[in-house]
Amino acid sequence: MNTEVNLAGIKMKNPVTVASGTFGYGREFDELIDLNKLGGIITKGTSLKPRPRK
Amino acid sequence: MTQSHGQFINIRVSDGVEPLLRRPISIHNIEGTNIEFIFQVKGKGTNILAEKEVGDKIDILGPLGKGTFKYEGAKNIAIIGGGIGIFPLYELAKEARKTAKVNMYLGFRSKDFVVLEDEYRKVSDKFILTTDDGTYGNKGYAIDFLKEDLKQENIDMIFACGPLPMLKAVQSLAKETKIPCQISLEERMGCGIGVCLGCAVKVNAGDQEIYTHVCKAGPVFDSNIVEI
């Protein structure tokens, strides 16, 4: 079965993603599941350079 | 369950989504296959938890936290706790006492807030209880009694858990006296397992400042590296 999707130009092998704030950067779950099964990972809002909290 | 001190469990308080997030509560004591935790009723979640009855089943996730209290090699330790922060210190004292002298300093706001005095006294070699207003025990702050004792006691490790001002004072004291010190931190948590990244805390890693997470790298940290 072909599960490929195109999300606004982003080609994903399937439409299954993980929501922002539930999955860290993905690597935190590396040992628990095969990340390659996912169509994509949605991270929290992020920035190019580290930005202090306070 | 392996014996680590200072970990917590993340407790599901409702079957539905109201409230959604689990409540992180420290482990107070481990006895065989039983764990004990104590909590203060503060909001919606803890209110629901307080309604549970003996025999009810609850859904817990844990034990959580890689940062635990470590006392190997210590012979004369000081444990200092404030208010409800004293709860995770019990198990540490009970176990550490097998190989070290335990000097316990507990501080509470006033007589009404004093809890578990007898239980903590039993797991201490030296026991000091203070209330800010002097309505019970010694008047003043627990840390001042520790500072006084440091003049003649050779304390080789300090462990602390309690309100932020107390932890900051302990952190300064440890820095000044160069006594190794471990503090247990508290932060509002979402997942409790290091993926929502909500409980971030800044630490010094060499010349770098990075953020790590109280739920995963903590809740116990070396007081010299963490910024509070």
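This is a predicted model: local features need pLDDT of at least 70, side-chain atom pairs count only at pLDDT 80 or more; totals for chains, interfaces and linings use all residues.
Q: Let's start inside. Which residues have the most contacts within the largest nonpolar core?

A: The general idea comes first: in soluble globular proteins, nonpolar side chains tend to be buried together. Here, the largest nonpolar core has 54 residues, and those with the most contacts inside it are I79(B), I80(B), A160(B) and V170(B). Helix α5 of chain B, residues 164–177, gives the largest share, with 6 residues. Both domain 1 (8–64) and domain 2 (76–184) of chain B supply at least three residues each to this core.

Q: Taking one of those residues, what does V170(B) touch?

A: Leaving aside residues up to four places away in sequence, V170(B) touches I80(B), I143(B), I158(B), A160(B), C181(B), I183(B) and S223(B).

Q: Now a helix. Why is α2 of chain B described as largely enclosed by the rest of the structure?

A: A residue counts as buried if 20 or more other C-beta atoms lie within 10 Å of its own. In helix α2 of chain B (residues 89–96), 6 of the 8 residues are buried, so the helix is largely enclosed by the rest of the structure. The buried ones are L89(B), Y90(B), E91(B), L92(B), A93(B) and A96(B).

Q: What covers those buried residues of α2(B)?

A: The cover includes β3 (29–31), β6 (76–82), β7 (101–108), α3 (117–122) and β10 (157–161), which belong to chain B.

Q: On to sheets. In what order do the strands of the open sheet with 3 strands in chain B run, and is the pairing parallel or antiparallel?

A: Strands of a sheet pair through backbone hydrogen bonds, either parallel or antiparallel. In this open sheet the order is β2-β1-β5, with antiparallel pairing. The edge strands β2 (23–26) and β5 (59–64) of chain B each pair on one side only. On average, neighbouring strands are turned by 25 degrees against each other, direction ignored.

Q: How many bridges join β1 and β5 of chain B?

A: Strand β1 (residues 8–12) and β5(B) pair over 4 bridges. To find one on screen, look for N10(B), whose bridge partner in β5(B) is L61(B).

Q: Finally, chain A. What is its secondary structure, and how does its radius of gyration sit beside that of a compact globule?

A: Chain A has 0 helices and 4 strands. Its radius of gyration is 14 Å, whereas a compact globule of 54 residues would have one near 10 Å. Its C-alpha atoms fill a box of roughly 50 × 30 × 15 Å along the principal axes, and buried residues make up 4% of the chain.

Notes: Residues are numbered from 1 along each chain as its sequence is written. Chains are lettered from A and ligands numbered from 1 in the order in which they are written. A nonpolar core is a set of buried Ala, Val, Leu, Ile, Met, Phe, Trp, Tyr and Cys residues joined through C-beta atoms within 7 Å. A residue is buried if 20 or more other C-beta atoms lie within 10 Å of its own, exposed if 12 or fewer, and partly exposed in between; C-beta atoms are placed from the backbone. Helices (H or I, at least four residues) and strands (E, at least two) are DSSP runs, numbered from the N terminus. Domain bounds come from an automatic or database domain assignment. Two residues are in contact if their C-beta atoms, placed from the backbone, lie within 7 Å. The radius of gyration is taken over C-alpha atoms; the globule rule is 2.2 Å times the number of residues to the power 0.38. Two strands pair if DSSP finds at least two bridges between them. Axes are lines fitted to C-alpha atoms, for helices over the stretch in contact, and angles run from 0 to 180 degrees between N-to-C directions.
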